[in-house]
Structure formats: C-alpha cells, structure tokens
Amino acid sequence: MEVVVRDAPQVIGATGMESIEQNIRNIVRTLAYSVPLDRGFADGAGFIDSPSPVKTARLIAALTLAIEKYEPRVKVEQISLQPGSTDEGMQGVYYPKISFHLREGVTL
C-alpha cells in the first residue's frame with residue numbers, strides 16, 4: 001500500500017485504510033514542537049531548504065521512526081521523495097511517498 005503526502009481534506013470519522021492513510025499524512029505534515037502535550041510528536045523542520053543527501057537520509061529515517069511509533073498498525077517498507085509535477089520538481093518541491101504494509105494481526 002502507498003500514500004503520497006499531499007494536501008488532502010481531513011475526514012471526521014475515517015475508518016479502515018482511510019484512517020491509516022490520514023494518520024500517516026498527519027504525522028508527516030506535523031512540525032516538531034507544534035503539539036502542546038507531545039512536543040516530540042514529529043521531526044524538526046531542519047530539512048527545509050536543505051537538499052543534501054545526508055539531510056534527505058536523516059529525514060527519511062526520522063519519518064520512518066515517527067510513522068511506526070504513532071501509527072503502530074503499519075510497518076514502513078520504503079519512503080521516497082518525488083515531485084508532484086515537473087514544475088514542482090524544478091522548484092524543489094517534493095512530497096514523501098510512503099510504501100507500507102499492515103503489521104501481522106491487524107485487521108480493518
């Protein structure tokens with residue numbers, strides 16, 4: 001299963017796979033220190049405007065850890081960064097594409 005983290009409406013009462021995909025989008029799009037009662041909820045924004053391969057690798061590692069911690073029903077297989085369009089790619093706008101599978105014993 002895959003989810004590309006882009007703007008999408010929040011669905012109140014989402015269930016099943018829609019709920020999991022929405023949770024992953026929320027985890028990835030939340031900046032660190034922005035959740036009052038859980039300041040460590042997400043990674044810092046140190047990767048913004050920093051295209052170096054080391055920063056990219058650190059971002060992917062941090063996203064993997066955060067997703068697996070806060071959405072325990074999934075196991076991340078791969079995260080890649082890809083532009084939404086050629087124009088966005090030329091401007092350096094990339095979106096995380098997350099491939100995952102459900103952990104053993106999880107039913108929807």
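## Salt bridges at a glance

The structure holds three salt bridges, where a salt bridge is a side-chain nitrogen of Lys or Arg within 4 Å of a carboxyl oxygen of Asp or Glu. This is a predicted model, in which local features need pLDDT of at least 70 and side-chain atom pairs count only at pLDDT 80 or more, while totals for chains, interfaces and linings use all residues. Residues are numbered from 1 along each chain as its sequence is written, and side-chain values use heavy atoms, leaving out hydrogens and water.

## The pair Glu71 and Arg73

Let's start with Glu71 and Arg73, whose side chains meet in a salt bridge at 2.7 Å, N to O. Glu71 counts as buried because its relative accessibility is 2%, and Arg73 is partly exposed at 27%. Here buried means under 20% relative accessible area, exposed over 50%, and partly exposed in between (1.4 Å probe, protein chains only).

## A network around Glu68

Salt bridges that share partners join Glu68, Lys75 and Arg103 into one network. The side chain of Glu68 meets that of Lys75 at 3.6 Å, N to O, and that of Arg103 at 4.0 Å, N to O. The Glu68 and Arg103 pair links distant parts of the chain: Glu68 sits in helix α2 and Arg103 in the segment after β3, 35 residues apart.

Lys75, at 34%, counts as partly exposed, and so does Arg103, at 31%.

## Helix α1 and its cover

Now over to helix α1, which spans residues 16–29. Helices (H or I, at least four residues) and strands (E, at least two) are DSSP runs, numbered from the N terminus. The 14 residues of α1 reach 20 Å from first C-alpha to last, close to the 20 Å expected at 1.5 Å a residue; that expected span is 1.5 Å times one less than the number of residues.

Buried residues in α1 are Ser19, Ile20, Gln22, Ile24, Arg25, Ile27 and Val28. Their cover includes β1 (2–4), α2 (53–70), β2 (74–83) and β3 (94–102).

Not counting residues up to four places away in sequence, Arg25 touches Val3, Val4, Val5, Arg6, Ala8 and Pro9, with contact meaning heavy atoms within 4.5 Å.
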